[in-house]
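The sequence and structure come first, and the description follows.

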Amino acid sequence: MLRYIFKRLVSLIPVLLGATFIVFAIMFFTPGDPATLMLPQDATAEDIAIMREVLGLNQPFLIQYRDFLLRLVQGDLGNSFRTGQSVIGLIMSRLPATMQLASASLVIAVMIGLIAGIIAAVRQYTVWDGGAMFTALLGVSMPNFWLGLMLILFFSVFWAASFGYTLLPASGYGTLRHMIMPAIVLGTAHAAFITRITRSSMLEVLRQDYIRMARAKGLSPFQVVVVHALRNALMPVVTIVGLRFGVLLGGSVVTERIFAWPGIGRLLIDAVRAQDYNVVQGIILTYAIIFSLVTLAVDLLYAFIDPRVKTRYR
Amino acid sequence: MAIHVRNQTTGESMPAALISVGAGRKQRTRLEETWRRFRKNKWAMAGMVLLLFLAVVAIGADFVAPEGLDDQQLGRRFLPPSAEALLGTDHLGRDILSRIIHGSRLSLSIGFITTSIGLLIGGGLGAVAGYYGGSRDQAIMRIMDVILAIPGFIFAVALVTALGPNLTNLMIAVGVNSIPYFARIIRSSVMSVKENEYIEAARALGCSHTWIILRHVIPNSFAPILVQATLRIGDTIIIAAGLSFLGLGAQPPLPEWGAMLSGGRQYLRDAWWMATFPGIAIMFTVLAFNLVGDGLRDALDPRLKN
């Protein structure tokens with residue numbers, strides 16, 4: 001297993017290196033001079049020229065990229081053009097909030113998705129199945145930012161108007177009540193995808209001979225479905241959770257914006273608006289690293305669910 | 001005029017029709033069969049009707065919409081839904097229904113254009129990678145892996161930041177975002193198709209690689225591509241609306257649905273209709289594409305049903 005983990009970790013290096021190149025290139029060709037942005041508005045042309053020299057901005061692209069990589073491996077992503085704070089420090093102060101939100105929404109999505117998918121498969125072609133599938137279809141078709149606004153409208157605005165207090169806060173951070181709406185908003189589309197994939201995967205497994213055998217030997221329906229069928233139906237579910245984690249991270253940007261959630265998504269949009277490209281670059285790389293690590297974790301989970309995967313790497 | 005194919009070994013040319021004898025007739029039958037299955041799926045048909053309705057509304061927006069897309073009447077600001085303005089008015093007194101109707105043009109165009117960018121470039125790269133294999137496949141797919149390592153929405157944010165926030169750049173960013181998605185799908189589809197005997201036969205007849213890819217490989221990989229493209233249109237509409245919601249896409253006064261939602265957010269407490277209806281429009285449009293996409297998938301390959 002250790003050998004497998006090591007090989008997968010090594011295979012991550014060129015991908016992440018490529019990601020740093022793409023992100024650096026995009027930011028390099030973005031209009032706007034970092035030296036001008038860092039200096040006060042009354043800075044002279046001479047000041048700007050000196051600053052460009054200090055920052056190494058007169059060097060060719062590849063030299064600048066090399067220097068960027070050298071700083072990156074030392075954990076230095078530069079400083080914010082606007083505030084002068086270290087980009088790593090800024091990201092690390094905001095990352096826990098984003099990870100909390102992403103984890104909470106993933107837990108909600110997996111719980112709802114698995115339960116709804118299993119019920120839909122076991123009760124195929126009943127009202128339960130139809131209801132679960134139609135709700136899932138609505139879930140994947142609904143923009144999460146709209147759902148967020150509708151929840152605020154209902155739980156904060158209408159509720160306050162009717163009962164004199166807000167059921168759930170429309171913004172803020174720190175308590176479980178603050179997390180409920182953002183986590184639901186971010187998790188809904190994923191719950192819908194997981195429902196669809198769980199249903200189709202379970203339907204396939206439930207037709208297998210060993211399930212018939214398990215039923216024939218008198219196991220309870222719960223044991224047949226959860227112990228025998230679900231474990232074998234989990235592979236595609238794990239795949240979709242892993243693949244869609246990137247979408248979840250992307251969705252967190254909008255969700256954080258709506259609920260004023262102090263994560264890196266909100267920081268990203270603030271930095272884009274302020275043309276603080278060092279921060280933008282750092283955050284995009286952070287997202288790429290998190291997504292790559294989650295993809296790796298999913299691969300490792302495969303090996304746990306299906307031991308045949310490991311043997312390919314022996 | 002008959003199309004001729006040049007045999008690369010002998011230099012002789014032969015009628016293309018000989019290479020795929022009866023292909024047209026067989027395809028027509030398959031098309032009829034697919035349509036028959038599609039028609040029987042009531043959800044897919046509902047999606048199709050909804051899409052046709054949206055297309056008619058988008059094309060005839062100038063005639064269907066009660067007012068223009070930016071007709072401001074400050075005397076009737078924040079009018080709730082009523083007979084005078086069916087879906088209410090916004091902070092500048094503009095009719096929301098009219099803006100949604102005009103916006104349907106934008107959202108559908110964004111969906112089709114961005115998906116086409118992804119399909120053409122990604123599809124081309126995927127076809128080359130899948131057909132030739134080897135170092136070309138490795139090079140193309142590793143680049144795709146690198147792009148896919150950055151979450152799609154974040155990558156689009158980065159591109160829009162670099163290009164500048166406007167509608168054209170939004171479409172470029174979302175289109176580029178779709179390239180790896182289609183490259184992967186088409187590569188795997190091409191890889192399975194190229195193993196067929198008729199590809200070997202075409203090769204033996206001396207057809208060029210380009211001819212084989214365009215005439216045999218792509219048409220036979222068409223079914224999964226069509227399904228994924230239909231589903232992708234819905235996704236791109238949501239991504240684009242999300243970028244506009246953040247102020248990184250269509251700029252005022254364009255009635256892009258995401259931008260309208262963003263504008264409505266500020267007035268959520270006083271004018272709930274401003275944010276509610278554009279969101280419903282997005283949801284129904286995406287739902288229509290998803291219904292049709294799911295229906296097409298089931299109709300093209302009934303084994304995938306369930």
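## Cis peptide in chain B

B:P253 sits in the loop that connects α11 (222-245) and α12 (257-265) of chain B. Helices here are DSSP runs of H or I with at least four residues, strands are runs of E with at least two, and both are numbered from the N terminus. The peptide bond between B:P252 and B:P253 is cis, with omega of about 5°.

The model is predicted: local features need pLDDT of at least 70 and side-chain atom pairs count only at pLDDT 80 or more, while totals for chains, interfaces and linings use all residues. Residues are numbered from 1 along each chain as its sequence is written, and chains are lettered from A and ligands numbered from 1 in the order in which they are written.

## Positive phi angles

A:A260 has a positive phi of about 50° and belongs to the loop between α11 and α12 of chain A. It counts as partly exposed because it has 14 C-beta neighbours inside 10 Å. The scale is as follows: a residue is buried with 20 or more other C-beta atoms within 10 Å of its own, exposed with 12 or fewer, and partly exposed in between, with C-beta atoms placed from the backbone.

B:F78 also has a positive phi, near 50°. This residue is in the loop between α4 (61-64) and α5 (96-132) of chain B, and it counts as partly exposed because 15 C-beta neighbours lie inside 10 Å. Most residues other than glycine have a negative phi, and most peptide bonds are trans.

## Architecture of chain A

Chain A contains 14 helices and zero strands. Its C-alpha atoms fill a box of roughly 85 × 65 × 30 Å along the principal axes. Of its 314 residues, 37% count as buried. Among contacts between residues at least 6 apart in sequence, 72% join residues at least 24 apart; a contact requires C-beta atoms, placed from the backbone, within 7 Å.

The domain assignment, which is automatic or from a database, gives domain 1 (2-73) and domain 2 (101-262) of chain A. The centres of these two domains, taken over C-alpha atoms, are 39 Å apart.

## Largest nonpolar core

The largest nonpolar core has 159 residues, and the members that touch the most others are A:L268, A:V280, A:I283, A:I284, B:I154, B:A156 and B:V157. Such a core is a set of buried Ala, Val, Leu, Ile, Met, Phe, Trp, Tyr and Cys residues joined through C-beta atoms within 7 Å. Helix α8 (residues 176-206) of chain A contributes the most, with 15 residues. Domain 1 (2-73) and domain 2 (101-262) of chain A both give residues to this core, so it lies between them.

Leaving out residues up to four places away in sequence, A:I284 touches A:V23, B:I150, B:I154 and B:A158.

## Contact between the chains

On the chain A side, 40 residues are in contact with 33 residues of chain B. The largest share of this side of chain A, eight residues, comes from α11(A). By type, the side of chain A that touches chain B has 31 nonpolar residues, eight polar and one charged. Ala, Val, Leu, Ile, Met, Phe, Trp, Tyr, Cys and Pro count as nonpolar, Asp, Glu, Lys and Arg as charged, and the others, Gly among them, as polar.

## Helix α13 of chain B

Helix α13 (residues 273-300) of chain B has 28 residues and spans 40 Å from first C-alpha to last, close to the expected 40 Å. The expected span is 1.5 Å times one less than the number of residues. In α13(B), 24 of the 28 residues are buried, so the helix is mostly covered.

Technical notes. Two residues are in contact if their C-beta atoms, placed from the backbone, lie within 7 Å.
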